[in-house]
Amino acid sequence: MVTGNQAEAPKAPTVPAVSGPDTAAGKFDAVAATYEHSVLQPLLYLPAQQRALRLAQRLMPHPRRILDVGCGTGRLLRQARQQHPAAMLIGIDPAWAMVATATTASPPELAIRHLRAAAERLPFAASVFDLVVATMALRHWNDTAAAITEIHRVLAPGGVFVVADLFPTYPRRSPPLTVLRRRSRDHGNPPAGLAAALATHGLPVVACQRMPWVCLPDVQIVAAQKGCR
Ligand SMILES: C[S@@+](CC[C@H](N)C(=O)[O-])C[C@H]1O[C@@H](n2cnc3c(N)ncnc32)[C@H](O)[C@@H]1O
């Protein structure tokens, strides 16, 4: 349990029924070893991480504690270390193989911790993180409302949640016209369902960007902020 003052490994695995071969996490166990060699890395995952980190940097320039929910192989946190040399960096993922790969890929001197846990049950005390990020992971969560409730709980007042993912914003027909339309506007509205879910759980949206890539739909990068009391 990570408290306001320290980080300790959880006493026991806290992953609820979101792992196993038939679950999203189980499927990611199977691809962990090759994940960073995917053709989608330079096209999708890496740019989405970079955009999410840039937006986070603008909204929360000096976070003391950062949590990556659905961290996969840990690439985002390795980049975040360059921006935030003194921050506590923790990644969680319910896929054992992802956690193992992230741990191996992150040199000890980076001091990044990876734990097996799911978004729906975060093994942390309340109000400890200044920044929570989730890139290309939300679409795999079993219970988005439960996960957002947990993210709100672990965020400190004023803390920022940045999520980057694919949302079905545009229809797939007429791709050339759609691409032109997407390139004509830099920012977009957040997906209505996500914005409503975030607001319902005390995380109103404060920024939204779109990242066109070679396929449809766009990646959207949405930031929400927990109110200060
Ligand atoms: C497409 S990968 C993205 C990994 C990484 N964030 C990135 O940007 O490359 C999706 C990740 O979400 C994780 N995941 C699946 N179910 C989850 C859950 N319930 N809570 C948190 N992460 C989950 C998967 O295990 C996988 O590592």
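These questions and answers walk through a predicted model, from its overall fold to its sheet, core and ligand shell.

Reader: In what order do the elements of the chain run from the N terminus on?
Author: The model is predicted. The chain holds seven helices and seven strands. From the N terminus on, they run α-α-β-α-β-α-β-β-α-β-α-α-β-β.

Reader: What share of the contacts with a separation of 6 or more joins residues 24 or more positions apart?
Author: The chain has 229 residues, and buried ones make up 43% of them. Among contacts with a separation of 6 or more, those between residues 24 or more positions apart account for 71%.

Reader: Which strands stand at the edges of the sheet, and why is one side of each left without a neighbour?
Author: Seven strands form an open, mixed sheet in the order β3-β2-β1-β4-β5-β7-β6. Each edge strand has a single partner, so one side of it lacks a neighbour in the sheet. The edge strands are β3 (112–116) and β6 (205–211).

Reader: What does the twist average from one strand to the next?
Author: The sheet is open and its pairing is mixed. From one strand to the next, the twist averages 15 degrees.

Reader: How many residues of β4 are buried?
Author: β4 pairs with β1 in the parallel sense over three bridges. It also pairs with β5, again parallel, over six bridges. β4 is mostly covered, and its buried residues number seven of seven.

Reader: Which residue in β5 stands opposite Val133?
Author: Val133 lies in β4, where it stands opposite Asp68. In β5, the residue opposite Val133 is Val162.

Reader: Which element gives the most to the largest nonpolar core?
Author: That core has 60 residues. Ala52, Ala56, Val132, Val133, Val154, Phe161 and Val162 touch the most other members. The element that gives the most to this core, with seven residues, is α2.

Reader: Which residues does Val154 touch, not counting those up to four places away in sequence?
Author: Val154 is one of the core residues that touch the most other members. Leaving out residues up to four places away in sequence, it touches Leu67, Leu122, Phe124, Ala126, Val128, Phe129 and Val132.

Reader: Which helix gives the most to the shell around the ligand?
Author: The shell divides into 16 nonpolar, six polar and three charged residues. α1 (24–31), α2 (40–59) and α3 (75–83) each supply at least two. The most, three residues, comes from α1.

Reader: Which residues come nearest to the ligand?
Author: There are 25 residues around the ligand. The nearest are Phe28, Gly70, Gly72, Ala95 and Ala119.

Reader: Is Phe28 buried or exposed?
Author: Phe28 lies in helix α1. A residue counts as buried if 20 or more other C-beta atoms lie within 10 Å of its own. Phe28 has 23 within 10 Å, so it is buried.

Reader: How far apart in space are Phe28 and Met98, C-alpha to C-alpha?
Author: Phe28 touches Ala95 and Met98, not counting residues up to four places away in sequence. Phe28 and Met98 are 70 residues apart in sequence. In space, C-alpha to C-alpha, they are 7.0 Å apart.

Technical notes: Residues numbered from 1 in each chain as written. Predicted model: local features only at pLDDT ≥ 70, side-chain atom pairs only at ≥ 80, totals over all residues. Near = placed C-beta within 6 Å. Helix = DSSP H or I, 4+ residues; strand = E, 2+ residues; numbered from the N terminus. Nonpolar A, V, L, I, M, F, W, Y, C, P; charged D, E, K, R; others polar. Core = buried A, V, L, I, M, F, W, Y, C linked by C-beta atoms within 7 Å. Buried ≥ 20, exposed ≤ 12 C-beta atoms within 10 Å, placed from the backbone. Contact = placed C-beta atoms within 7 Å. Pairing = 2+ DSSP bridges. Axes fitted to C-alpha atoms, helices over the stretch in contact; angles between N-to-C directions.
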